[in-house]
Amino acid sequence: MSSRDRSQERGREGAGPQRPPRVIVVGAGPVGLTAALALARARVPCTVLEAQDERGAAYFRSTGSKAICFQRDVLDVFERLGAGARIVAEGTTWTTARTYYRGREVRTVTFPSGAGAGEGLLPPWINISQARVEEELLAAVAAEPGIDLRFGHRVVGLTQEGDGGGGADGVRVEALAPDGTAALHADYVVGADGPRSAVRELLGVGFPGESFGDRFLICDIRADLPFPNERRFHFDPEWNPGRQVLVHQCPDSTWRIDWQVPDGFDLEAERRAGALDARIRRIVGDGDYTLVWSSVYRFHERCAERLRVGRVLLAGDAAHLYAPFGARGLNSGVQDAENLAWKIACALRAPGPAAADALMETYHAERWAAAQENLRVTGDTMRFLVPHTDEDRRRRRDVLERALEDPEAGDRIDSGRLAEPFRYADSPLTTPAGPVPPQARPEAPVPGDICPDALCTPAAGGARERVRLRALLGPGFTVLAGREADAAAAARACRGLPADVAPVALERIDVSGTAADALGHPPGTLFAVRPDAHLCAVLPPGGPPERVRAAIERACGARTPAVRGR
């Protein structure tokens, strides 16, 4: 039975009594599928509506890939959702990014693999096509009974019933379906339906920003090349003078090559004239190659004015668009999806509508702040890559020329500041940093940071039974404590909260001390970890277990936080 057949059998109106979904996710791209899986992990049933027809193996083989770079913490999200193992195994790992100017290397960045890398920790970066990631996410969704996936359902209507806030009765969604118009009701709706989002349009939410006039050519080619597994960025190479080229290796001997090209570039004309082949051969040489996919595109920098309107949330490209240098688009969208999923789960169990409403508003507060940071970073990159003023052009030339003679000047070259998780230090859900004990190391995490990972050795096992610290984090909140008694006492103090709280004792899972070292705080420190692996509190040794409850109450909506920010 196909997924369409299953969805029709489970979800056709008039087919019999059926419990309405708590959440409707609009869009079955990688962000929508991630949101659905994260909701299912939190035991929240959902229906996914996708406007396009069902996708099969032929679709994924023939589809080009916008995104290819996936960051370690996003791979960790996929792992938590049961879709990460094959993605990581198939992806091409890289740890080094090199930048060249006129053929000379002027900057090198190496990403630390972390303790135990290659033995069980996730790599800092992998390259794999977005299409393959979608394929794995779709397989995980198809195996999840709590998700009703419906292809061929184009959303055309959206009505918030009640006042549209935390006390609203819900949301009514109308969709054009293969067998007529479908009307569905849910507590919440997630708009993950891309840059031309129907959900955003129906909400009337503005999408301000700018589109860059410069054009870029992508070619994915399959060839045996002697290039290493690295990100290589070339300023003003002899084979694209005055412009840039980016080269990445992907699985199956496939290479992503990205050229800056003149405005008015005509791909088909270049293909017919043989100029495209000549362009590719200036990089790959005289050997055989296969052109897998090609496209010409412009970059956009936009952010929705609101990411949350009542019970409707925007995520991924429906919420924001970034220039791709730095891989902040899809990686950020996955983090949107996980953020909103656990908050919806807590809001559905909140003690009252005011608490639920305030908690859901923090989705906008946290992810809008993340979007603004990404826009700032990618905007700086585009001004360096494609300067539009004499001052910007002079600054770029001076930086690149200086880097030829001064290695320290290379740090000022901006070929894309690569993605990393946003820090929720100013979030209303984060317990203030005042009582945080002094860190053992300056880089040790503080409230709002993502919890570090480490390869741990359990007390009862040997080296072969080591496990990642983050793999021990459950779908609810987690309390990390050095001693088992402290972890258990903190968990008991959290009974009755609208969220599950699980204790993890380092003395049982970390006899090697690698997790304690990664956490970087004195013995006896307690760490409260959100479902999305961010620390909501770091509490000094001593003090009653109730302080952990207060921190998690603040983070899960058991209290009504005062939302700061926009």
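## A quick look at this predicted model

The protein has a mean pLDDT of 88, and 89% of its residues reach 70 or more; pLDDT is the predictor's confidence in each residue, from 0 to 100. This is a predicted model, where local features need pLDDT of at least 70 and side-chain atom pairs count only at pLDDT 80 or more, while totals for chains, interfaces and linings use all residues. Residues are numbered from 1 along each chain as its sequence is written, and side-chain values use heavy atoms, leaving out hydrogens and water.

**Helices α2 and α6**

- Helix α2 covers residues 30–41 and helix α6 residues 130–142 (helices are DSSP runs of H or I, at least four residues, numbered from the N terminus).
- Their axes, lines fitted to C-alpha atoms over the stretch in contact, come within 9 Å and cross at roughly 30°.
- That makes α2 and α6 roughly parallel to each other, a label for angles under 35 degrees.
- On the α2 side, P30, L33, T34 and L37 meet Q130, E134, L137, L138, A140 and V141 of α6; contact means heavy atoms within 4.5 Å.

**Around L340**

- L340 sits in helix α10, residues 329–347.
- With 0% relative accessibility, L340 counts as buried (under 20% relative accessible area, 1.4 Å probe, protein chains only).
- Beyond its neighbours within four places in sequence, L340 touches A35, V190, L313, A315 and Y363.
- L313 is 27 residues from L340 in sequence, and their C-alpha atoms are 7.8 Å apart.

**Where to be careful**

- pLDDT stays under 50 over residues 114–118, and also over residues 163–167.

Notes. Axes fitted to C-alpha atoms, helices over the stretch in contact; angles between N-to-C directions. Helix = DSSP H or I, 4+ residues; strand = E, 2+ residues; numbered from the N terminus. Parallel < 35°, antiparallel > 145°, perpendicular 65-115°, else oblique. Buried < 20%, exposed > 50% of the residue type's maximum accessible area, 1.4 Å probe, protein only.
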